[in-house]
Amino acid sequence: MANFEKTPGWLDWYTGPAKPQFQLPAGAVDAHCHVFGPGNEFPFAPERKYTPCDASKQQLFALRDHLGFARNVIVQATCHGADNSAMVDACQAAGGKARGVATVKRSVSDEELQALHAAGVRGVRFNFVKRLVDFTPKDELMEIAGRIQKLGWHVVIYFEAVDLPELWDFFSSLPTTVVVDHMGRPDVSKPVDGPEFELFLQFMREHPNVWSKVSCPERLSVTGPKALNGEQAAYRDVVPFARRVVEEFPDRVLWGTDWPHPNLKDHMPDDGLLVDFIPHIAPTAELQRKMLVDNPMRLYWPEEARKEA
């Protein structure tokens with residue numbers, strides 16, 4: 001049995017979160033969350049850059065129900081590398097209420113991809129955040145993208161704003177729907193109408209296949225206030241950025257909790273108060289429904305979305 005010691009200073013997820021004051025629309029999807037281990041059942045990858053706390057599927061589903069979500073999209077965490085077992089196990093245990101985003105290598109077989117599809121996987125994640133992963137050659141990523149395109153999957157990309165210029169051509173050549181994690185991690189201490197964030201908006205304007213998650217204000221915020229102690233207007237400095245994306249691209253945005261919030265250094269948010277961030281960035285019922293229900297259903301449960309349409 002594997003025994004893992006957490007990275008020193010690791011912040012565990014918040015226990016006993018508040019009940020959100022914002023009532024999620026029926027059928028809302030938490031479109032970005034993770035499971036970690038448990039390490040004695042699903043060991044963490046030897047090449048990982050961090051060792052997290054355990055965060056099980058049962059704990060994730062309990063949070064889903066407490067917050068009022070109907071479904072989850074479970075994104076493969078970098079601490080598990082390309083071993084998708086924990087994520088797949090959670091998807092299979094969810095009874096159709098979860099989809100997955102996997103990490104795969106060039107060596108993955110067609111049979112393995114088919115098995116992932118059957119388990120509920122609908123995308124792969126390419127991570128370009130240098131402190132989290134080692135570099136994967138772009139030709140390998142492009143080969144993977146071509147193979148998963150045939151399954152109707154999409155590519156999720158995680159990068160930091162300063163790296164968009166050098167990655168622009170590669171991202172533009174991806175043959176699938178492309179979903180950007182957390183708005184490409186903008187520096188929210190810079191102006192919302194400044195050149196760096198404008199470049200990201202231009203990227204979305206020029207490429208109608210590009211979607212964005214407007215999630216993780218707790219990672220992006222510089223001045224807060226934090227989602228703690230009943231704060232109903234947390235992370236105000238992030239609001240103008242996320243709201244800009246939601247209002248300009250209402251049919252291409254997703255939102256997720258990012259539970260259990262890996263690698264946060266400064267504080268651990270109350271997930272109930274994090275849900276109360278939503279109406280600040282999606283101020284109308286129509287925008288909320290698109291972001292939380294219609295868009296994730298179209299991307300992850302298209303067969304159900306078509307039936308309802």
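The stops below cover helices, loops and cysteines in turn. One thing to keep in mind throughout: this is a predicted model.

**Stop 1: helices H4 and H5**

The axes of H4 and H5 come within 10 Å and cross at roughly 25°. That angle makes H4 roughly parallel to H5, because angles under 35 degrees count as roughly parallel. The crossing of H4 past H5 is right-handed.

Now show side chains. From H4, pick Lys 138, Leu 141 and Met 142. They meet Glu 166, Leu 167, Phe 170 and Ser 173 of H5. Colour this H4–H5 contact by residue type: 4 are nonpolar, 1 is polar and 2 are charged.

**Stop 2**

**Stop 3: two loop residues**

Step back to Asp 163, in the loop between E5 and H5. Is Asp 163 buried or exposed? Asp 163 is buried, with a relative accessible area of 11%, because buried means under 20%. Show its contacts, leaving aside neighbours within four places in sequence: Asp 163 touches Phe 128 and Lys 130.

Then select Pro 191, in the loop between E6 and H6. Pro 191 counts as partly exposed, at 49% relative accessibility. Draw a distance from its C-alpha atom to that of Val 178.

**Stop 4: helices H6 and H8**

Select residues 195–206 for H6 and 239–248 for H8. H6 and H8 pack at an angle of about 20°, with their axes 12 Å apart. So H6 is roughly parallel to H8. H6 passes H8 in a right-handed crossing.

Bring up the side chains where H6 and H8 touch:

- On H6: Phe 197, Glu 198, Phe 200, Leu 201, Met 204 and Arg 205.
- On H8: Phe 241, Arg 244, Val 245 and Glu 248.

How do the residues of this H6–H8 contact divide by type? They comprise 6 nonpolar and 4 charged residues, with no polar ones.

**Stop 5: what covers H8**

Keep H8 selected and hide the rest. Its buried residues are Val 239, Phe 241, Ala 242, Val 245 and Val 246. Phe 241 and Val 245 also belong to the contact with H6.

**Stop 6: the cysteines**

A disulfide is a covalent bond between the sulfur atoms of two cysteines. How many disulfides does this model have? The count is 0.

Start with Cys 33. The nearest cysteine sulfur to Cys 33 is that of Cys 91, 8.9 Å away. Cys 33 is in no disulfide, because a disulfide needs sulfur atoms within 2.5 Å. Cys 33 is buried, at 0% relative accessible area.

Finish at Cys 79, which is in no disulfide either. For Cys 79, the nearest cysteine sulfur belongs to Cys 53, at 9.2 Å. Cys 79 counts as buried, with 0% relative accessibility.

Definitions and conventions:
Residues numbered from 1 in each chain as written. Predicted model: local features only at pLDDT ≥ 70, side-chain atom pairs only at ≥ 80, totals over all residues. Heavy atoms only, no water. Axes fitted to C-alpha atoms, helices over the stretch in contact; angles between N-to-C directions. Helix = DSSP H or I, 4+ residues; strand = E, 2+ residues; numbered from the N terminus. Parallel < 35°, antiparallel > 145°, perpendicular 65-115°, else oblique. Left-handed = near helix turned anticlockwise from the far one by under 90°. Contact = heavy atoms within 4.5 Å. Nonpolar A, V, L, I, M, F, W, Y, C, P; charged D, E, K, R; others polar. Buried < 20%, exposed > 50% of the residue type's maximum accessible area, 1.4 Å probe, protein only.
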